[in-house]
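Please read these notes with the model open beside you. They are numbered so that each can be checked in turn.

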Amino acid sequence: MANYLVTGGAGFIGSNLVKYLCEQGEWVRVVDNFATGKRENLAGLEKGIELIESDLRDPDTARRAVADIDYVLHQAAIPSVQRSVEDPLRSNEANITATLVLLEACRGAKVRRLVYAASSSVYGDQPADSKVETMTPSPQSPYAITKLTGEYYCKVYYHCYGLETIVLRYFNVFGPNQDPTSQYSAVIPLFITAILNDQQPTVYGDGHQTRDFTYVENNVRANLLAATANKGLGQVINIACGTSYSLHDLLRIINSVTGKQIAPIYAAPRKGDVRHSRADISRAQELLAYRVEVPFEEGLRRTIEWYKTKGANTA
Ligand SMILES: NC(=O)c1ccc[n+]([C@@H]2O[C@H](COP(=O)([O-])OP(=O)(O)OC[C@H]3O[C@@H](n4cnc5c(N)ncnc54)[C@H](O)[C@@H]3O)[C@@H](O)[C@H]2O)c1
(Lines give C-alpha, C1' and ligand atoms only; values in the text may rest on other atoms or scores of the structure.)
Protein backbone atom coordinates (compact mmCIF):
# COMPACT_ATOMS: atom_id res chain seq x y z
CA MET A 1 0.00 0.00 0.00
CA ALA A 2 1.16 3.52 -0.75
CA ASN A 3 -0.04 7.12 -0.47
CA TYR A 4 -1.11 8.69 -3.75
CA LEU A 5 -1.78 12.31 -4.62
CA VAL A 6 -3.94 12.83 -7.69
CA THR A 7 -3.79 16.47 -8.78
CA GLY A 8 -6.85 17.45 -10.79
CA GLY A 9 -8.59 14.46 -9.21
CA ALA A 10 -12.05 15.95 -9.79
CA GLY A 11 -11.43 16.13 -13.52
CA PHE A 12 -12.15 13.51 -16.16
CA ILE A 13 -8.94 11.45 -16.11
CA GLY A 14 -8.10 12.30 -12.49
CA SER A 15 -11.43 10.99 -11.19
CA ASN A 16 -11.00 7.73 -13.10
CA LEU A 17 -7.58 7.37 -11.45
CA VAL A 18 -9.03 8.12 -8.01
CA LYS A 19 -11.77 5.53 -8.48
CA TYR A 20 -9.31 2.86 -9.56
CA LEU A 21 -6.90 3.60 -6.68
CA CYS A 22 -9.76 3.48 -4.16
CA GLU A 23 -10.85 0.13 -5.58
CA GLN A 24 -7.30 -1.14 -5.08
CA GLY A 25 -7.43 -0.05 -1.43
CA GLU A 26 -4.75 2.65 -1.81
CA TRP A 27 -4.71 5.83 0.30
CA VAL A 28 -5.65 8.77 -1.94
CA ARG A 29 -5.48 12.54 -1.60
CA VAL A 30 -6.96 14.82 -4.25
CA VAL A 31 -6.07 18.44 -4.85
CA ASP A 32 -8.37 20.35 -7.18
CA ASN A 33 -9.62 23.92 -7.49
CA PHE A 34 -12.64 22.83 -9.55
CA ALA A 35 -11.64 25.12 -12.41
CA THR A 36 -12.89 22.50 -14.86
CA GLY A 37 -13.40 19.55 -12.48
CA LYS A 38 -16.74 18.53 -11.01
CA ARG A 39 -17.84 17.36 -7.60
CA GLU A 40 -20.10 14.76 -9.17
CA ASN A 41 -17.02 13.03 -10.62
CA LEU A 42 -16.04 12.13 -7.06
CA ALA A 43 -19.56 11.07 -6.04
CA GLY A 44 -19.42 7.95 -3.88
CA LEU A 45 -15.67 8.26 -3.40
CA GLU A 46 -15.66 11.13 -0.85
CA LYS A 47 -15.34 8.87 2.19
CA GLY A 48 -12.29 7.08 0.83
CA ILE A 49 -10.24 10.17 -0.04
CA GLU A 50 -8.81 13.33 1.43
CA LEU A 51 -9.81 16.35 -0.64
CA ILE A 52 -7.88 19.61 -0.67
CA GLU A 53 -9.99 22.15 -2.49
CA SER A 54 -7.43 24.72 -3.48
CA ASP A 55 -5.23 26.04 -6.24
CA LEU A 56 -1.93 24.32 -6.93
CA ARG A 57 -0.31 27.59 -7.91
CA ASP A 58 -0.30 28.39 -4.23
CA PRO A 59 2.95 27.04 -2.69
CA ASP A 60 1.29 26.31 0.69
CA THR A 61 -1.40 24.26 -1.04
CA ALA A 62 1.25 22.32 -2.96
CA ARG A 63 3.25 21.66 0.23
CA ARG A 64 0.17 20.41 2.06
CA ALA A 65 -0.80 18.30 -0.91
CA VAL A 66 2.51 16.42 -1.16
CA ALA A 67 3.07 15.89 2.59
CA ASP A 68 3.58 12.14 3.29
CA ILE A 69 2.84 11.25 -0.32
CA ASP A 70 4.72 8.45 -2.13
CA TYR A 71 3.42 8.94 -5.67
CA VAL A 72 2.11 12.09 -7.33
CA LEU A 73 -0.06 11.56 -10.43
CA HIS A 74 -0.17 15.09 -11.83
CA GLN A 75 -3.28 15.55 -13.96
CA ALA A 76 -4.24 19.12 -13.00
CA ALA A 77 -4.32 21.49 -15.96
CA ILE A 78 -6.62 23.63 -18.02
CA PRO A 79 -6.94 21.31 -21.00
CA SER A 80 -8.23 22.10 -24.49
CA VAL A 81 -6.40 23.67 -27.40
CA GLN A 82 -9.31 26.04 -28.03
CA ARG A 83 -9.34 27.35 -24.46
CA SER A 84 -5.65 28.14 -24.71
CA VAL A 85 -6.08 29.93 -28.04
CA GLU A 86 -8.69 32.17 -26.38
CA ASP A 87 -6.90 32.64 -23.05
CA PRO A 88 -3.22 31.70 -23.26
CA LEU A 89 -2.32 33.35 -19.95
CA ARG A 90 -4.80 31.21 -18.01
CA SER A 91 -3.46 28.03 -19.61
CA ASN A 92 0.08 29.13 -18.86
CA GLU A 93 -0.72 29.70 -15.18
CA ALA A 94 -2.54 26.42 -14.65
CA ASN A 95 -0.28 24.24 -16.77
CA ILE A 96 3.19 25.71 -16.26
CA THR A 97 3.15 27.74 -13.03
CA ALA A 98 1.16 25.15 -11.07
CA THR A 99 3.43 22.35 -12.35
CA LEU A 100 6.56 24.22 -11.29
CA VAL A 101 5.11 25.02 -7.85
CA LEU A 102 4.20 21.34 -7.45
CA LEU A 103 7.67 20.14 -8.49
CA GLU A 104 9.23 22.54 -5.98
CA ALA A 105 6.99 21.16 -3.24
CA CYS A 106 7.94 17.58 -4.20
CA ARG A 107 11.62 18.48 -4.04
CA GLY A 108 11.23 19.55 -0.43
CA ALA A 109 9.16 16.49 0.52
CA LYS A 110 9.64 12.72 0.54
CA VAL A 111 7.83 12.07 -2.72
CA ARG A 112 9.15 8.94 -4.40
CA ARG A 113 7.99 9.79 -7.90
CA LEU A 114 5.87 12.20 -9.95
CA VAL A 115 4.08 11.00 -13.08
CA TYR A 116 3.13 13.87 -15.40
CA ALA A 117 0.13 13.91 -17.75
CA ALA A 118 1.56 15.29 -20.98
CA SER A 119 -0.12 15.69 -24.34
CA SER A 120 0.33 14.44 -27.90
CA SER A 121 -0.42 18.00 -29.03
CA VAL A 122 3.31 18.70 -28.61
CA TYR A 123 4.00 16.73 -31.82
CA GLY A 124 2.03 19.22 -33.90
CA ASP A 125 1.62 18.41 -37.58
CA GLN A 126 4.57 16.06 -38.03
CA PRO A 127 4.20 14.48 -41.46
CA ALA A 128 5.20 10.98 -40.25
CA ASP A 129 2.53 8.31 -39.99
CA SER A 130 2.99 7.67 -36.31
CA LYS A 131 4.36 9.90 -33.57
CA VAL A 132 7.47 8.62 -31.86
CA GLU A 133 9.04 10.18 -28.78
CA THR A 134 12.34 10.91 -30.56
CA MET A 135 10.64 13.43 -32.88
CA THR A 136 11.33 17.11 -32.38
CA PRO A 137 8.25 18.68 -30.80
CA SER A 138 6.39 21.21 -32.91
CA PRO A 139 3.68 22.80 -30.75
CA GLN A 140 0.96 24.61 -32.67
CA SER A 141 -1.07 26.07 -29.85
CA PRO A 142 -0.47 27.80 -26.52
CA TYR A 143 -1.81 24.62 -24.86
CA ALA A 144 0.85 22.47 -26.54
CA ILE A 145 3.57 24.90 -25.43
CA THR A 146 2.37 24.75 -21.83
CA LYS A 147 2.28 20.96 -21.79
CA LEU A 148 5.73 20.74 -23.39
CA THR A 149 7.16 23.18 -20.85
CA GLY A 150 5.76 20.99 -18.07
CA GLU A 151 7.57 18.01 -19.63
CA TYR A 152 10.85 19.90 -19.69
CA TYR A 153 10.45 20.91 -16.06
CA CYS A 154 9.82 17.28 -15.09
CA LYS A 155 12.93 16.13 -16.92
CA VAL A 156 15.03 18.93 -15.45
CA TYR A 157 13.86 18.17 -11.91
CA TYR A 158 14.99 14.59 -12.41
CA HIS A 159 18.37 15.56 -13.82
CA CYS A 160 19.10 18.56 -11.53
CA TYR A 161 17.53 17.43 -8.28
CA GLY A 162 17.13 13.67 -8.61
CA LEU A 163 13.33 13.88 -8.22
CA GLU A 164 12.03 10.80 -10.03
CA THR A 165 9.69 11.86 -12.82
CA ILE A 166 8.11 10.08 -15.77
CA VAL A 167 6.25 11.92 -18.52
CA LEU A 168 3.26 10.17 -20.11
CA ARG A 169 2.11 11.71 -23.38
CA TYR A 170 -1.60 10.98 -23.63
CA PHE A 171 -3.33 11.00 -26.99
CA ASN A 172 -7.10 11.65 -27.27
CA VAL A 173 -8.49 10.14 -24.09
CA PHE A 174 -12.20 9.35 -23.70
CA GLY A 175 -14.50 7.54 -21.28
CA PRO A 176 -16.77 8.05 -18.27
CA ASN A 177 -16.82 11.47 -16.54
CA GLN A 178 -15.72 13.38 -19.65
CA ASP A 179 -17.76 16.56 -19.79
CA PRO A 180 -20.04 16.78 -22.86
CA THR A 181 -21.61 20.12 -21.95
CA SER A 182 -18.86 22.69 -22.40
CA GLN A 183 -18.07 24.58 -25.58
CA TYR A 184 -14.55 23.13 -25.12
CA SER A 185 -15.70 19.52 -24.82
CA ALA A 186 -13.79 16.86 -26.72
CA VAL A 187 -15.19 15.30 -29.85
CA ILE A 188 -16.26 11.90 -28.46
CA PRO A 189 -18.56 13.17 -25.68
CA LEU A 190 -19.98 15.75 -28.09
CA PHE A 191 -20.69 13.21 -30.83
CA ILE A 192 -22.14 10.59 -28.49
CA THR A 193 -24.48 12.97 -26.68
CA ALA A 194 -25.60 14.62 -29.92
CA ILE A 195 -26.44 11.28 -31.51
CA LEU A 196 -28.15 9.95 -28.35
CA ASN A 197 -30.29 13.11 -28.40
CA ASP A 198 -31.07 12.79 -32.15
CA GLN A 199 -29.10 15.94 -32.97
CA GLN A 200 -26.57 16.41 -35.74
CA PRO A 201 -22.99 16.61 -34.40
CA THR A 202 -20.70 19.31 -35.80
CA VAL A 203 -17.55 18.22 -37.63
CA TYR A 204 -14.89 20.95 -37.85
CA GLY A 205 -13.06 20.39 -41.13
CA ASP A 206 -13.69 17.57 -43.60
CA GLY A 207 -13.99 14.72 -41.07
CA HIS A 208 -11.00 12.85 -42.50
CA GLN A 209 -8.70 14.01 -39.70
CA THR A 210 -7.59 11.09 -37.54
CA ARG A 211 -6.85 10.55 -33.85
CA ASP A 212 -5.49 7.79 -31.65
CA PHE A 213 -8.58 7.71 -29.44
CA THR A 214 -7.72 5.99 -26.16
CA TYR A 215 -10.14 4.65 -23.54
CA VAL A 216 -9.29 6.15 -20.16
CA GLU A 217 -8.69 2.80 -18.42
CA ASN A 218 -5.52 2.45 -20.51
CA ASN A 219 -4.23 5.77 -19.14
CA VAL A 220 -5.12 4.79 -15.59
CA ARG A 221 -3.16 1.56 -15.88
CA ALA A 222 -0.23 3.38 -17.48
CA ASN A 223 -0.03 5.80 -14.54
CA LEU A 224 0.11 2.94 -12.07
CA LEU A 225 2.79 1.17 -14.10
CA ALA A 226 4.81 4.38 -14.36
CA ALA A 227 4.60 5.02 -10.62
CA THR A 228 6.52 1.86 -9.81
CA ALA A 229 8.45 0.95 -13.00
CA ASN A 230 12.18 0.56 -12.66
CA LYS A 231 12.80 1.96 -16.15
CA GLY A 232 11.83 5.19 -17.89
CA LEU A 233 12.92 7.77 -15.30
CA GLY A 234 13.28 11.25 -16.77
CA GLN A 235 11.79 10.02 -20.05
CA VAL A 236 8.81 10.84 -22.24
CA ILE A 237 6.51 7.91 -23.04
CA ASN A 238 3.51 7.83 -25.41
CA ILE A 239 0.33 6.31 -24.00
CA ALA A 240 -2.35 5.40 -26.54
CA CYS A 241 -3.63 2.45 -28.54
CA GLY A 242 -1.34 2.80 -31.57
CA THR A 243 -4.38 2.87 -33.89
CA SER A 244 -6.09 5.79 -35.55
CA TYR A 245 -9.67 6.51 -36.55
CA SER A 246 -11.14 9.42 -38.48
CA LEU A 247 -14.07 11.50 -37.27
CA HIS A 248 -16.13 9.79 -39.98
CA ASP A 249 -15.18 6.38 -38.52
CA LEU A 250 -16.22 7.65 -35.13
CA LEU A 251 -19.63 8.79 -36.38
CA ARG A 252 -20.18 5.54 -38.24
CA ILE A 253 -19.46 3.42 -35.15
CA ILE A 254 -21.54 5.57 -32.78
CA ASN A 255 -24.47 5.47 -35.21
CA SER A 256 -24.14 1.72 -35.55
CA VAL A 257 -23.89 1.03 -31.77
CA THR A 258 -26.85 3.31 -31.02
CA GLY A 259 -28.91 2.09 -33.99
CA LYS A 260 -29.18 5.57 -35.55
CA GLN A 261 -28.28 7.15 -38.87
CA ILE A 262 -27.49 10.76 -38.08
CA ALA A 263 -25.34 12.79 -40.48
CA PRO A 264 -23.07 15.56 -39.21
CA ILE A 265 -23.04 19.30 -39.95
CA TYR A 266 -19.72 20.59 -41.29
CA ALA A 267 -17.99 23.76 -40.09
CA ALA A 268 -14.63 25.42 -40.81
CA PRO A 269 -11.54 23.73 -39.29
CA ARG A 270 -10.40 25.18 -35.96
CA LYS A 271 -7.12 26.97 -35.37
CA GLY A 272 -4.43 24.93 -33.63
CA ASP A 273 -5.97 21.53 -34.47
CA VAL A 274 -3.58 18.98 -35.99
CA ARG A 275 -4.54 16.83 -38.97
CA HIS A 276 -3.42 13.32 -38.04
CA SER A 277 -2.35 11.80 -34.78
CA ARG A 278 -1.34 8.21 -34.04
CA ALA A 279 1.10 6.99 -31.41
CA ASP A 280 4.02 4.65 -31.64
CA ILE A 281 3.61 2.85 -28.31
CA SER A 282 6.70 0.64 -28.43
CA ARG A 283 8.53 2.66 -25.77
CA ALA A 284 5.64 2.24 -23.33
CA GLN A 285 5.57 -1.48 -24.04
CA GLU A 286 9.31 -1.79 -23.51
CA LEU A 287 9.81 0.46 -20.46
CA LEU A 288 6.51 0.07 -18.62
CA ALA A 289 5.30 -3.32 -19.89
CA TYR A 290 2.25 -1.31 -21.00
CA ARG A 291 -0.47 -3.17 -22.89
CA VAL A 292 -3.68 -1.83 -24.42
CA GLU A 293 -6.27 -3.13 -21.95
CA VAL A 294 -9.33 -1.77 -23.74
CA PRO A 295 -9.16 -1.22 -27.52
CA PHE A 296 -10.94 1.71 -29.16
CA GLU A 297 -14.22 0.12 -30.27
CA GLU A 298 -14.76 -1.67 -26.94
CA GLY A 299 -13.99 1.57 -25.08
CA LEU A 300 -16.45 3.43 -27.29
CA ARG A 301 -19.20 0.90 -26.55
CA ARG A 302 -18.58 1.24 -22.79
CA THR A 303 -18.58 5.01 -23.07
CA ILE A 304 -21.85 5.10 -25.02
CA GLU A 305 -23.39 2.90 -22.30
CA TRP A 306 -22.13 5.30 -19.63
CA TYR A 307 -23.65 8.35 -21.37
CA LYS A 308 -26.92 6.46 -21.85
CA THR A 309 -27.16 5.83 -18.11
CA LYS A 310 -26.56 9.54 -17.50
CA GLY A 311 -29.63 10.19 -19.64
CA ALA A 312 -30.97 13.67 -20.23
CA ASN A 313 -28.29 15.33 -18.03
CA THR A 314 -25.86 15.05 -20.92
CA ALA A 315 -27.99 17.03 -23.35
N1 LIG B 1 -8.40 14.41 -22.08
C2 LIG B 1 -7.46 14.22 -22.99
O3 LIG B 1 -7.73 13.72 -24.08
C4 LIG B 1 -6.02 14.58 -22.69
C5 LIG B 1 -5.07 14.39 -23.71
C6 LIG B 1 -3.76 14.71 -23.45
C7 LIG B 1 -3.39 15.18 -22.21
N8 LIG B 1 -4.33 15.38 -21.26
C9 LIG B 1 -3.89 15.90 -19.95
O10 LIG B 1 -4.45 15.07 -18.94
C11 LIG B 1 -4.73 15.85 -17.77
C12 LIG B 1 -6.18 15.65 -17.34
O13 LIG B 1 -7.02 16.09 -18.39
P14 LIG B 1 -8.61 15.97 -18.30
O15 LIG B 1 -9.10 15.75 -19.68
O16 LIG B 1 -8.97 15.03 -17.22
O17 LIG B 1 -9.00 17.47 -17.90
P18 LIG B 1 -10.04 18.01 -16.81
O19 LIG B 1 -10.24 19.46 -17.11
O20 LIG B 1 -11.24 17.16 -16.74
O21 LIG B 1 -9.20 17.86 -15.46
C22 LIG B 1 -8.24 18.79 -15.04
C23 LIG B 1 -8.45 19.03 -13.55
O24 LIG B 1 -7.44 19.92 -13.07
C25 LIG B 1 -8.07 20.85 -12.18
N26 LIG B 1 -7.22 22.05 -12.11
C27 LIG B 1 -6.94 22.93 -13.13
N28 LIG B 1 -6.12 23.90 -12.69
C29 LIG B 1 -5.87 23.62 -11.38
C30 LIG B 1 -5.10 24.28 -10.38
N31 LIG B 1 -4.42 25.40 -10.66
N32 LIG B 1 -5.08 23.77 -9.13
C33 LIG B 1 -5.79 22.63 -8.84
N34 LIG B 1 -6.52 21.96 -9.76
C35 LIG B 1 -6.56 22.46 -11.01
C36 LIG B 1 -9.43 21.09 -12.80
O37 LIG B 1 -10.37 21.65 -11.92
C38 LIG B 1 -9.80 19.68 -13.25
O39 LIG B 1 -10.46 18.97 -12.23
C40 LIG B 1 -4.38 17.29 -18.14
O41 LIG B 1 -3.08 17.56 -17.65
C42 LIG B 1 -4.39 17.30 -19.64
O43 LIG B 1 -3.53 18.29 -20.17
C44 LIG B 1 -5.64 15.09 -21.46
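Is glutamate 293 buried, partly exposed or exposed? The first point takes this up, after a word on the model.

This is a predicted model, in which local features need pLDDT of at least 70 and side-chain atom pairs count only at pLDDT 80 or more, while totals for chains, interfaces and linings use all residues. Residues are numbered from 1 along each chain as its sequence is written.

1. Glutamate 293. This residue is partly exposed, because 15 other C-beta atoms lie within 10 Å. The cut-offs are these: a residue is buried if 20 or more other C-beta atoms lie within 10 Å of its own, exposed if 12 or fewer, and partly exposed in between, with C-beta atoms placed from the backbone. Glutamate 293 sits in the loop between helix H9 (282-288) and helix H10 (296-310). Helices (H or I, at least four residues) and strands (E, at least two) are DSSP runs, numbered from the N terminus. Leaving out residues up to four places away in sequence, glutamate 293 touches Glu217, Asn218 and Arg221. Here two residues are in contact if their C-beta atoms, placed from the backbone, lie within 7 Å. Valine 156 is 137 residues from glutamate 293 in sequence, and their C-alpha atoms are 31 Å apart in space.

2. Two domains. The domain assignment divides the protein chain into domain 1 (3-174 + 216-240 + 278-293) and domain 2 (187-209 + 244-277 + 302-314); such bounds come from an automatic or database domain assignment. Taken over C-alpha atoms, the domain centres are 26 Å apart. Contacts between them involve 12 residues of domain 1 and 11 residues of domain 2. On the domain 1 side, helix H3 (residues 81-86) gives the most, with 3 residues. That side holds 4 nonpolar, 5 polar and 3 charged residues. In this count Ala, Val, Leu, Ile, Met, Phe, Trp, Tyr, Cys and Pro are nonpolar, Asp, Glu, Lys and Arg are charged, and the others, Gly among them, are polar.

3. The sheet. An open sheet of 7 strands runs in the order E3-E2-E1-E4-E5-E6-E11, with parallel pairing. Strand E3 (49-53) and strand E11 (236-239) are at the edges with a single partner strand each, so one side of each has no neighbour in the sheet. On average, neighbouring strands of this sheet are turned by 20 degrees against each other, direction ignored. Two strands pair if DSSP finds at least two bridges between them. Strands of a sheet pair through backbone hydrogen bonds, either parallel or antiparallel.

4. Strand E5. How many of the residues of E5 are buried? The count is 7 of 7, and E5 is mostly covered. Arg113, Val115, Ala117 and Ser119 point one way from E5, and Leu114, Tyr116 and Ala118 point the other way. E5 (residues 113-119) and E6 (residues 165-170) run parallel and are joined by 6 bridges. Across this pair, valine 115 stands opposite isoleucine 166, and serine 119 stands opposite tyrosine 170. E4 and E5 also pair in the parallel sense, over 4 bridges, with histidine 74 opposite tyrosine 116.

5. Helix H1. With 12 residues (12-23), H1 should span 16 Å at 1.5 Å a residue, and its end C-alpha atoms are 17 Å apart, which agrees. The expected span is 1.5 Å times one less than the number of residues. Because 9 of its 12 residues are buried, H1 is largely enclosed by the rest of the structure. Among the buried ones are Phe12, Ile13 and Leu21. Glycine 25, which follows H1, has a positive phi, near 80 degrees.

6. Positive phi without glycine. Phenylalanine 34 has a positive phi of about 60 degrees although it is not a glycine. It lies in the loop between strand E2 (27-32) and E3 and is partly exposed, with 14 other C-beta atoms within 10 Å. Asparagine 177, also not a glycine, has a positive phi of about 80 degrees. Asparagine 177 is in the loop between strand E7 (173-174) and helix H6 (187-196) and is buried, with 22 other C-beta atoms within 10 Å.

7. Tryptophan 27. This residue lies in strand E2. Tryptophan 27 and alanine 2 are 25 residues apart along the chain, and their C-alpha atoms are separated by 6.4 Å.

How values were computed
Axes are lines fitted to C-alpha atoms, for helices over the stretch in contact, and angles run from 0 to 180 degrees between N-to-C directions.
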